[in-house]
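Hi there,

Here is the structure I promised to pass on. Have a look at it first, and then read my notes below.

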Amino acid sequence: MDIKQMRYFLAVAQEGHFGRAAERLNMAQPPLTRHIHALEAQLGTPLFVRTPKGATLTAAGQTLLAEVPNILALARRAEEQTRLAGEGYIGRLDVGIFSSGILNVIPRLLAGFHTERPAVKIGLHNLSKTEQIAALRERRIAIGFNRLIPDEPDLVVDWIHREPFLVALYEGHPLCERASLTLADLDNERMILYPNAPVPGLAEEVAAAFRAEGVTLRVEQEVEDVVTSIALVASRFGVCVTTESAANLRLPGVVYRPLKSQRLRLIELNCMYRRDDDSPILAAFLALIRRARNQRHALSM
C-alpha cells in the first residue's frame with residue numbers, strides 16, 4: 001500500500017459512498033473505483049460491500065480503517081519534520097566556545113537563535129582554539145568561536161565583533177588613579193598572561209606589543225583562561241592586559257582601565273566553520289550573526 005491508496009480508502013470509508021468520496025478527492029469516480037479494486041486485489045480481500053446506497057466496510061475494511069488514520073498522521077508528521085529539518089527549524093547545532101567568549105556577544109547570539117528557532121537543540125562545548133579546529137574537522141561541532149584564528153584551507157573564518165583592550169588592576173594599585181593607561185605605564189609591572197596555549201593567541205599579541213614599544217614585560221604568571229587571570233589580579237598577584245568583555249566578570253577587588261596603544265587597539269572575535277558544510281541550521285545561524293554584526297555596526301556609526 002502507498003500513501004495515495006490509503007487516502008483514497010479513507011475517503012470512501014468515511015463517506016460511505018464512492019461518488020461523494022470522489023468529489024471530496026476532486027477526482028472522477030471511475031479512477032477512484034479502479035484504485036480501490038487494485039487495493040483489494042493487492043490485499044487479497046474485499047474492503048467494501050457495494051450497495052445501492054453506497055459502500056459499507058467489510059470486517060477486513062474495518063480492520064484497515066483502524067490503522068490507516070494513524071499511518072497517514074505519521075506520514076504527515078514525517079513530511080512536516082523533513083521540511084522543517086530542510087529549512088533548519090529542527091535539529092542540533094553544536095557550538096565550540098572559549099572562556100572569555102561567553103562574557104559578551106556569544107550568549108546574545110545564541111539566545112537570539114534560540115528565540116528564532118526554539119526547536120533546534122544547541123550544544124555548547126568549551127574547547128581551546130586547537131580543540132575547536134579538530135572538533136570541526138571531526139564534525140563534532142558545526143561552528144566555533146575564538147580569536148586570532150590561523151588560516152586553514154578547509155575552514156572559513158569570519159569576524160563577529162571588535163572590542164578594545166583594557167588593563168585589569170587590583171584595587172589600591174597606583175595605576176588605578178589614572179583614567180587610561182599605556183604600555184609604558186606597565187613597564188616592569190608584574191603581568192599575568194593568558195592563554196598559555198600551543199597556538200598563537202592573546203599572550204603572544206601582548207608580548208609582541210611590549211617588544212614593539214620597547215617596554216619591559218615582566219611575566220608573573222601564565223594561565224589558561226581569562227577567569228583564572230582576573231581571579232589572580234583580584235588576589236593581587238599582578239595586573240593583566242585583557243579585552244573589554246572581561247569586565248563583565250565584575251570580580252570584587254578588580255579595577256579596569258582603557259589601554260591606549262597603537263598596536264593593541266581592537267581585537268576581533270571570530271567564528272569558524274567548515275567550508276563544505278551546507279547545513280541549513282548553520283546557514284540560519286550565520287545569517288543571524290551577520291544581521292547582528294550589521295546592526296552593531298550601524299549603531300556605532
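Predicted model: local features only at pLDDT ≥ 70, side-chain atom pairs only at ≥ 80, totals over all residues.

His161 sits in strand E6, which runs over residues 155–170. Setting aside residues up to four places away in sequence, His161 touches Asn104 and Val105, then Ile267, Glu268 and Leu269, and also Arg296.

Now for the overall picture. The protein has 301 residues, and 44% of them count as buried. Its secondary structure comprises 11 strands and 9 helices. The C-alpha trace spans about 105 × 35 × 35 Å along the principal axes. The radius of gyration is 32 Å, whereas a compact globule of 301 residues would have one near 19 Å. Even so, take a look at the contacts: of those with a separation of 6 or more, 72% are between residues 24 or more positions apart.

Glu87 lies in the loop that joins helix H4 (59–86) to strand E3 (91–97). Its C-alpha atom is separated by 5.8 Å from that of Pro280, although the two residues are 193 residues apart along the chain. Glu87 is in contact with Pro280 and also with Arg117, leaving aside neighbours within four places in sequence. At 37% relative accessibility, Glu87 counts as partly exposed.

Finally, the cysteines. How many disulfides does the structure hold? The number is 0. Take Cys176: the closest cysteine sulfur belongs to Cys240 and is 14 Å from the sulfur of Cys176, so the two are too far apart for a bond. For a disulfide, the sulfur atoms would have to be within 2.5 Å. Cys176 counts as buried, with a relative accessibility of 13%. Cys271 counts as buried as well, at 1%.

That is what I have for now. I hope you enjoy looking through it!

Best wishes

Note on methods:
Residues numbered from 1 in each chain as written. Heavy atoms only, no water. Buried < 20%, exposed > 50% of the residue type's maximum accessible area, 1.4 Å probe, protein only. Helix = DSSP H or I, 4+ residues; strand = E, 2+ residues; numbered from the N terminus. Contact = heavy atoms within 4.5 Å. Rg over C-alpha atoms; globule rule 2.2 N^0.38 Å.
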